Amino acid sequence: MIKLGIIACSNGMGHISRSIKLASYLCKYYSVHIITNKKKFNKLNVNKKIKLIDSKKALNVNLKKKKYDQNWPEKIKRKIKKANIKILISDNLPEVVNLNLKCLIISNFFWHELWNIQNNEIQKTILKIKNNKVNIFRNVIFKNKKDKFIYFGFLGKPRKRVRHKKNLLISFGSEDKTNKDISEQIKEFIKSNRKKYNIYLDKNYFNKDYLKKNIYIANYTENMFKKIDIAIIKPGFGILQKCFEHDIYAITFFEGLNYEFKANSKNLKKSKLGLSFKKFQKCLEVVKDKKIFKINYKNKYFSGEIQILKYLKQISNNHLISN
């Protein structure tokens, strides 16, 4: 069985959870290793068939300084060689091409695009991707529309269910810091809407006064997502994947966020799969006022893992890999 490596950017949990979901599907066809930060990887439930290669801090991203280590391939190439990996999938890191193996890249936006990083290393990497004809997969909804890449759907299929409109998630992502204004807005919302919704709240905004009420700390488990009907979220790709997978109506905001979040939010609304507002307060207002939320699902939005498998099989069938 061909050995496949999935390299997951260690920023937050979205890239890692998406890589694990993809690995769970591909491990039926390949011997799969995930290369990522062990500490974050261990927080998630993983199929026992999937093996881990610890990248330690090599794949970490410094959001505050808006940079990452572009030389990360040098720090993990020995481990990849030792595992005898033949194909690589990179989640969001273009430098995978410098490991000189057959590869593909999954990325709606690269870090150097978001932060306008321009240096010789990036230029060499992008040129090598072009010369080697490495395919880049971008989500059919949340892609950067200025580019011409392979567009693919979310992983898996949505779980259709009866919507009770009683369970609300308010989430800001694992890298977010507490905002005092937002905290006060949430308190006011809870005062007037506590009996209308069971609220699953980001731990950074949970306080002891909520303990005896129908307010719960969001733990982001599968059981929690199965209960959620509506979600007010900072529109990172990981949480959007969960909303799509569990048939959750997403209401997003983008004030003060980077270009990727703004684009995700606006594309969600354009696709009629959720709502987009600049301010967080507006999200609370629409949840308070709106009675019916409808989602316009289409088949092209899903089963992205099948598209990726087809490409991987194409590589194998063209005898580009030796067993």
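This is a predicted model: local features need pLDDT of at least 70, side-chain atom pairs count only at pLDDT 80 or more; totals for chains, interfaces and linings use all residues.
The side chain of Asn92 makes a polar contact with the side chain of Ser107, at 2.9 Å. Asn92 sits in the loop that links strand S6 (87-91) to strand S7 (102-106). Its relative accessible area is 4%. Buried means under 20%, so Asn92 counts as buried. Beyond residues up to four places away in sequence, Asn92 touches Cys9, His15, Ile106, Ser107, Phe109, Phe110 and Trp111.

S6 and S7 pair in the parallel sense, over five bridges. Within S7, Ile105 stands opposite Ser90. S7 is mostly covered, with four of its five residues buried. S7 also has a link to strand S8 (residues 136-139): two bridges join them, and they run parallel. There, Ile106 has Phe137 in S8 as its bridge partner. Ile106 is also one of the residues that Asn92 touches.

Now turn to a pair of helices. Two packed helices are described by the angle between their axes and the distance between the axes. The axes of helix H6 (residues 180-193) and helix H10 (residues 280-289) come within 10 Å. They cross at roughly 10°. By type, the residues of the contact of H6 with H10 divide into six nonpolar, four polar and one charged.

Helix H8 (residues 237-245) is mostly covered. Eight of its nine residues are buried. They are Phe237, Ile239, Leu240, Gln241, Lys242, Cys243, Phe244 and Glu245. After H8 comes Asp247, whose phi is positive, near 60°.

The last stop is Lys269, in helix H9 (residues 259-270). Is Lys269 buried, exposed or partly exposed? Its relative accessible area is 47%. Setting aside neighbours within four places in sequence, Lys269 is in contact with Gly274, Leu275 and Ser276. Ala250 lies 19 residues from Lys269 along the chain, and their C-alpha atoms are separated by 9.4 Å.

Terms used. Residues are numbered from 1 along each chain as its sequence is written. Side-chain values use heavy atoms; hydrogens and water are left out. Buried means under 20% relative accessible area, exposed over 50%, partly exposed in between (1.4 Å probe, protein chains only). Contact means heavy atoms within 4.5 Å. Axes are lines fitted to C-alpha atoms, for helices over the stretch in contact, and angles run from 0 to 180 degrees between N-to-C directions. Ala, Val, Leu, Ile, Met, Phe, Trp, Tyr, Cys and Pro count as nonpolar, Asp, Glu, Lys and Arg as charged, and the others, Gly among them, as polar. A polar contact is a pair of N or O atoms within 3.5 Å; within protein, one must be able to donate a hydrogen and the other to accept it, and residues adjacent in sequence count only if both atoms are side-chain atoms. Two strands pair if DSSP finds at least two bridges between them.
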